[in-house]
Amino acid sequence: MELYLMESSEATLPINSTHSNSSDQEAGVATERLAVASLLGLLTLSTAVMNAGVITAILTTRKLRLPANYLICSLAVTDFLVAILVMPLSILYIATATWNLGHMVCEVWLSVDMTCCTCSILHLCVIALDRYWAITKAVEYARKRTPRHAVTMVTIVWVASVFISSPPLFWRRRHHDVHECAIEHDQLGYSIYSTFGAFYIPMTVILILYYRIYTAAKSLYQKRGSSRHLSDSLNHFRVDLSTSDPGVELETLNSPDERNQMCSSRERKAARILGLILGAFIFCWLPFFIKELLMALKVLQPSQHLSDFLTWLGYMNSLINPLLYTSFNDDFKQAFKRLLQRREHT
């Protein structure tokens, strides 16, 4: 009888041990998902607050209501939409590891995701184009740089984004009990069209434009060191990259060495700003679009964790944009300070 009880307890031990290990693993996975969801929630909130701050600053500060800043405001609106419409559902999907909202919400979410992210990238392209024209055709472009012109550029960006992101709606078919919601890569032609239209072509244009902006700025600063006939161009350039008027500062310097030193300092500052803008954009989006293209070519099949990480790395560009495009401008800094002081008083 004792022998039977011993054998019975030994037989049930592995079962209890396996059940305990399974429970521990499930608890560990749940804790990990909760931690990831909390971190992503914090990033989402930060993105929404930062972009809302930019929008509010432009709308409430008369000094910031310039056509050039209309593009910045539109970019902030786009990134704000990413934060409130795209990121929260992504967090829910990652936290639950399954899609429980039905095929219709899935289609809408994917379409909004692709449209807003594409629109954000194309905004960076038109902002670069606006700055390029402002420095290379300063006097001529100053007359064209009107609110109507800015609205036209924004409209073109949104229309292009819709044309790039909407085609899958015409052939994508999902079952009503769908538990996965992800971009499909079964149409090679569209994958090439969308990745090049949404990223590779805009990236090439941005790189070319900012290289030309830097070389033009460098030439203007060098000429300004020995000439006094370029104030109009420099004043237009000041709005886009600098925080103070380089023409005025250079005119107060009498020594050629001091002028050259100031020019060199301005060139380094322009290079640093442009480097940060380009570096952040490429760092956030290039890995994602490389992955998308390789998946379409059937060369790569990444894990779900890697796909989620690269997707959120792209989303982070919506958090970085308001920091980069406003933090180097004194008018924005003062507007943010006033907003914070106003909130403290209330």
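Helices (H or I, at least four residues) and strands (E, at least two) are DSSP runs, numbered from the N terminus.

## Basis of the model

This is a predicted model: local features need pLDDT of at least 70, side-chain atom pairs count only at pLDDT 80 or more, and totals for chains, interfaces and linings use all residues. Residues are numbered from 1 along each chain as its sequence is written, and side-chain values use heavy atoms, with hydrogens and water left out.

## Overall fold

The protein has 12 helices and zero strands. Along the sequence the pattern reads α-α-α-α-α-α-α-α-α-α-α-α.

Of the 346 residues in the protein, 43% are buried. Buried means under 20% relative accessible area, exposed over 50%, and partly exposed in between (1.4 Å probe, protein chains only). Contact means heavy atoms within 4.5 Å. Among contacts with a separation of 6 or more, 78% join residues 24 or more positions apart.

## Two loop residues with positive phi

Most residues other than glycine have a negative phi. Ala-97 has a positive phi of about 60° although it is not a glycine. Ala-97 sits in the loop between H2 and helix H3 (102-136). Its relative accessibility is 48%, so Ala-97 counts as partly exposed.

Lys-298 also has a positive phi, near 60°, and is a residue other than glycine. Lys-298 lies in the loop between helix H9 (256-296) and H10. At 64% relative accessibility, Lys-298 counts as exposed.

## Helix H5

Helix H5 covers residues 147-165, which is 19 residues. The expected span of a helix is 1.5 Å times one less than its number of residues. For H5 that gives 27 Å, and the end C-alpha atoms are 27 Å apart, so the two agree.

Which residues of H5 are buried? They are Ala-150, Met-153, Val-154, Val-157, Ser-161, Ile-164 and Ser-165. These residues cover an arc of only 95° around the axis, which puts them on the same side of H5. The arc is that of the directions from the helix axis to the C-beta atoms. An α-helix has 3.6 residues a turn, so residues three or four places apart point the same way. On the other side of H5, the exposed residues are Arg-148, Val-151, Ile-156 and Phe-163.

## H2 against H5

Two packed helices are described by the angle between their axes and the distance between the axes. Axes are lines fitted to C-alpha atoms, for helices over the stretch in contact, and angles run from 0 to 180 degrees between N-to-C directions. The axes of helix H2 (residues 67-96) and H5 come within 8 Å and cross at roughly 30°. H2 is therefore roughly parallel to H5. Angles under 35 degrees count as roughly parallel, over 145 as roughly antiparallel, 65 to 115 as roughly perpendicular and the rest as oblique.

From H2, the contact is made by Pro-67, Tyr-70, Leu-71, Ser-74, Thr-78 and Leu-81. From H5, Pro-147, Ala-150, Met-153, Val-154 and Trp-158 take part. Ala-150, Met-153 and Val-154 are also among the buried residues of H5.

## H10 and H11

The axes of H10 and helix H11 (residues 317-324) come within 5 Å and cross at roughly 20°. H10 and H11 are therefore roughly parallel to each other. Leu-313, Gly-314 and Tyr-315 of H10 meet Asn-317, Ser-318 and Leu-319 of H11.

Ser-307 belongs to helix H10 (residues 304-315). Ser-307 is buried, because its relative accessible area is 12%. Not counting residues up to four places away in sequence, Ser-307 touches Lys-291 and Pro-302.
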